[in-house]
Amino acid sequence: MATFSLAWKSLLNRRFTAMLTVVSIALSVTLLVGVERLRTEARTSFANTLSGTDLIVGARSGPVQLLLYTVFRIGDATNNISWKSYQEIAAHPKVAWSVPISLGDSHRGFRVLGTTTAYFDRYRYARDRQLVIAQGQRFADLYDAVIGAEVAEKLGYKIGDPIVVAHGASDVSFARHDDKPFRVVGILTRTGTPVDRTVHVSLEAIEAIHVDWQSGAPIPGVSISAEQTRAMDLTPKVITAALFGLKSKVATFQVQRFINEYPQEALSAILPGVALSQLWDLIGIAENALLIVSAFVVVVGLFGMLTTLLTSLNERRREMAILRSVGARPGHVFALIMGEAGFLTLFGVLLGLALLYLLLLAGQPIIESRFGIFITIDGLSPYEWILLVAVVGAGFLVGGIPSYRAYKLSLADGLSVRV
Amino acid sequence: MVIDIHDLAFRWHEGAPSVLTIEAMQVTAGEYLFIKGASGSGKSTLLSLLAGVTTAGTGSVRVMGQALERLGSVQRDHFRADHIGYIFQMFNLIPYLSVVDNVMLPCRFSARRRDKALARGKDLETEARRLLRHLDMDHPELHGRSVTTLSVGQQQRVAAARALMGSPELLIADEPTSSLDADRRESFIRLLFSECREVGATLIFVSHDASLEHLFDRTIDLAAVNRSGQDMAAV
Ligand SMILES: Nc1ncnc2c1ncn2[C@@H]1O[C@H](COP(=O)(O)OP(=O)(O)OP(=O)(O)O)[C@@H](O)[C@H]1O
Ligand SMILES: [Mg+2]
């Protein structure tokens with residue numbers, strides 16, 4: 001006990017260098033725990049890019065591919081689903097709701113998605129959050145479009161602006177549906193999901209802009225105007241994929257098997273949560289690298305402490321001799337330096353955590369609005385506790401080096417002081 | 001008998017030349033002993049042995065009846081904390097402790113001295129201030145000051161107060177006056193005497209400055225009792 005109060009006073013006496021050491025440890029701890037926090041938040045946020053949906057159904061393909069084009073709008077479907085099959089599956093007694101999706105067109109690099117208004121009710125992300133229309137409303141008229149936040153921001157669109165949809169993913173002038181322009185009627189709030197980069201229109205609209213098209217090109221000599229299409233039957237013949245919600249989760253595998261073994265068409269049904277974490281494992285190697293790098297930063301911070309303590313030892317040999325003369329054992333000298341290392345590490349960790357929570361509090365609204373990642377500010381997770389205990393343990397381990405050296409020195413010096 | 005040395009032989013390391021070879025040396029309780037000797041003659045080494053920081057290779061060093069070489073190193077550290085006050089030549093103080101904290105330092109390591117100090121004053125700080133006052137270091141202004149700003153003479157008086165804290169039986173001073181001027185030397189030594197008298201402590205005072213000799217009860221010339229020194233001189 002006596003030694004720890006000595007250690008404390010000794011640090012206070014050298015408060016400037018002690019503060020520097022504490023700050024360098026603190027910054028490394030902030031980085032370490034911050035990276036860990038972001039990593040888990042990014043992971044859960046990613047795994048919840050699409051939540052609430054029990055099954056995604058598309059033409060037969062691998063789960064990651066199906067996920068990529070339905071959820072992330074990356075790549076294209078190899079095949080479509082017939083409207084008839086979709087309706088049959090939607091009528092399955094275990095199915096509670098369904099949302100059809102039709103992809104294939106784009107607008108200035110942003111994918112256009114044809115769907116029903118049920119999409120706005122059923123689409124959930126980040127632990128059950130619903131899509132919110134920031135301005136305007138859902139599509140009602142045939143040529144209405146609801147755009148994601150990023151589309152609106154990047155292209156500077158307001159309610160009422162016209163939009164021309166291009167055929168396919170690339171925006172080349174000869175493949176534009178410029179005879180049937182859309183109008184922006186709604187802008188969604190930012191979600192941090194691919195919804196932000198999507199232009200939403202009705203399924204009928206997708207049908208309408210393609211009535212005079214065939215195999216990816218306008219039919220020569222045929223031109224049906226935007227107004228004429230309104231009178232036509234615009235029920236789609238095919239869609240790209242569909243989202244399904246089930247009445248009970250228990251039925252998930254039963255319905256999945258039913259779809260995978262659907263006799264009329266080769267279909268795939270995937271569980272979005274499972275497919276999302278498979279995809280994360282694929283791209284998540286970087287997160288581990290990041291954590292390892294920040295662990296090394298902690299090691300660097302602790303080596304700073306080691307250097308400070310070691311270099312101070314020589315000028316403290318007299319102090320050791322004085323302590324020995326009043327009855328301190330070499331063990332006390334060991335404990336004194338160890339106590340200093342302990343205080344430095346402990347305060348480093350505490351300051352680091354304080355800094356982290358301060359940053360989280362300040363950064364939470366910014367991260368949410370910029371990246372759509374909602375960071376929950378709660379206590380330390382068990383894994384974070386393990387990290388912190390490891391840092392403190394490493395601090396004591398590193399502190400053991402100068403402590404042992406001081407122990408040896410005071411044993412050799414005794415009461416004689418050589419400066 | 002406070003100190004009783006028999007057939008002592010000491011060398012710092014295996015194979016190093018013998019520094020001390022003392023057949024017999026005794027100091028009685030309450031004595032003020034002056035030990036003189038040239039630089040390098042082994043004065044500090046002898047004090048290390050008396051303080052139990054090092055132990056005799058052969059022979060025996062008894063302090064207050066306790067043969068130090070029979071004690072383990074931890075017990076010797078305890079023994080020193082309990083019974084011995086030590087004053088160095090200079091830089092006696094822990095730079096990061098206040099004047100009063102420096103004086104109270106021995107009580108952190110010895111329960112015995114803490115109890116003795118508490119028996120004298122109502123708390124440790126009162127006792128520390130009492131000692132400082134006796135040593136003419138009681139200006140309130142001095143107590144709060146960083147010890148590194150004290151003059152050398154002031155530092156030595158604080159060191160003396162610390163050595164006397166908790167009334168140890170034996171006071172060892174290793175050239176405590178060599179950094180003081182002649183006037184201050186004598187007054188410092190007289191202060192030490194009066195404090196030792198009050199608690200009945202034995203004082204062992206080492207110096208190569210023979211001019212202080214006349215103040216003490218008795219003088220030991222290390223060159224005369226140390227046969228290692230004679231051998232060295234003969235070489
Ligand atoms: N800790 C030590 N380790 C090894 N040798 C030592 C140690 N301390 C002293 N010596 C050696 O022991 C011998 C006696 O030294 P000591 O310090 O006892 O002399 P001294 O009489 O106190 O001299 P001075 O008047 O200069 O203080 C010297 O040769 C010295 O080099
Ligand atoms: Mg000496």
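# A ligand site shared by two chains

Residues from chains A and B surround ligand 1, so the site is shared between chains. Everything here comes from a predicted model, in which local features need pLDDT of at least 70, side-chain atom pairs count only at pLDDT 80 or more, and totals for chains, interfaces and linings use all residues. Residues are numbered from 1 along each chain as its sequence is written, while chains are lettered from A and ligands numbered from 1 in the order in which they are written.

**Around the ligand**

- Ligand 1 is surrounded by 13 residues, the closest being Trp12(B), Ser39(B), Lys43(B), Ser44(B) and Thr45(B); a residue counts as near if its C-beta atom, placed from the backbone, lies within 6 Å.
- Sorted by class, that shell around ligand 1 holds 10 polar, 2 nonpolar and 1 charged residues. Here Ala, Val, Leu, Ile, Met, Phe, Trp, Tyr, Cys and Pro count as nonpolar, Asp, Glu, Lys and Arg as charged, and the others, Gly among them, as polar.

**Where the chains meet**

- Chain A brings 17 residues to the contact and chain B brings 21, with two residues in contact if their C-beta atoms, placed from the backbone, lie within 7 Å.
- On the side of chain B that touches chain A, helix 1 (43–51), helix 2 and helix 3 of chain B each supply at least two residues.
- That side of chain B divides into 13 nonpolar, 5 polar and 3 charged residues.

**Chain B as a whole**

- Chain B has 10 helices and 9 strands; these are DSSP runs numbered from the N terminus, helices being H or I with at least four residues and strands E with at least two.
- The radius of gyration of chain B is 18 Å, close to the 18 Å that the globule rule gives for 235 residues, so chain B is as compact as a globular protein of that length. The radius is taken over C-alpha atoms, and the rule is 2.2 Å times the number of residues to the power 0.38.
- Along the principal axes, the C-alpha atoms of chain B fill a box of roughly 55 × 40 × 30 Å.
- Of the contacts in chain B with a separation of 6 or more, 74% are between residues 24 or more positions apart.
- Some 47% of the 235 residues of chain B count as buried, a label that needs 20 or more other C-beta atoms within 10 Å of a residue's own, with C-beta atoms placed from the backbone.

**A covered helix and the cores**

- Helix 3 (residues 99–109) of chain B is mostly covered, with 11 of its 11 residues buried.
- What covers these buried residues includes helix 1 (2–13) of chain A, along with helices of chain B, among them helix 2 (73–83) and helix 7 (152–164).
- The largest nonpolar core has 106 residues, and those with the most contacts inside it are Leu33(B), Val103(B), Ala161(B), Ile172(B) and Ile204(B). Such a core is a set of buried Ala, Val, Leu, Ile, Met, Phe, Trp, Tyr and Cys residues joined through C-beta atoms within 7 Å.
- Helix 13 (residues 330–371) of chain A gives the most to this core, with 11 residues.
- A second, separate core of 58 residues includes Leu103(A), Tyr123(A), Val165(A) and Ala275(A).

**An enclosed strand in chain A**

- Strand 12 (residues 198–202) of chain A has 5 of its 5 residues buried, so the strand is largely enclosed by the rest of the structure.
- Strand 4 (residues 110–115) of chain A runs parallel to strand 12 of chain A, joined by 5 bridges, and Leu113(A) stands opposite His200(A).
- Strand 8 (residues 144–147) of chain A runs antiparallel to strand 12 of chain A, joined by 2 bridges, and Val146(A) stands opposite His200(A).

Conventions: Buried ≥ 20, exposed ≤ 12 C-beta atoms within 10 Å, placed from the backbone. Pairing = 2+ DSSP bridges.
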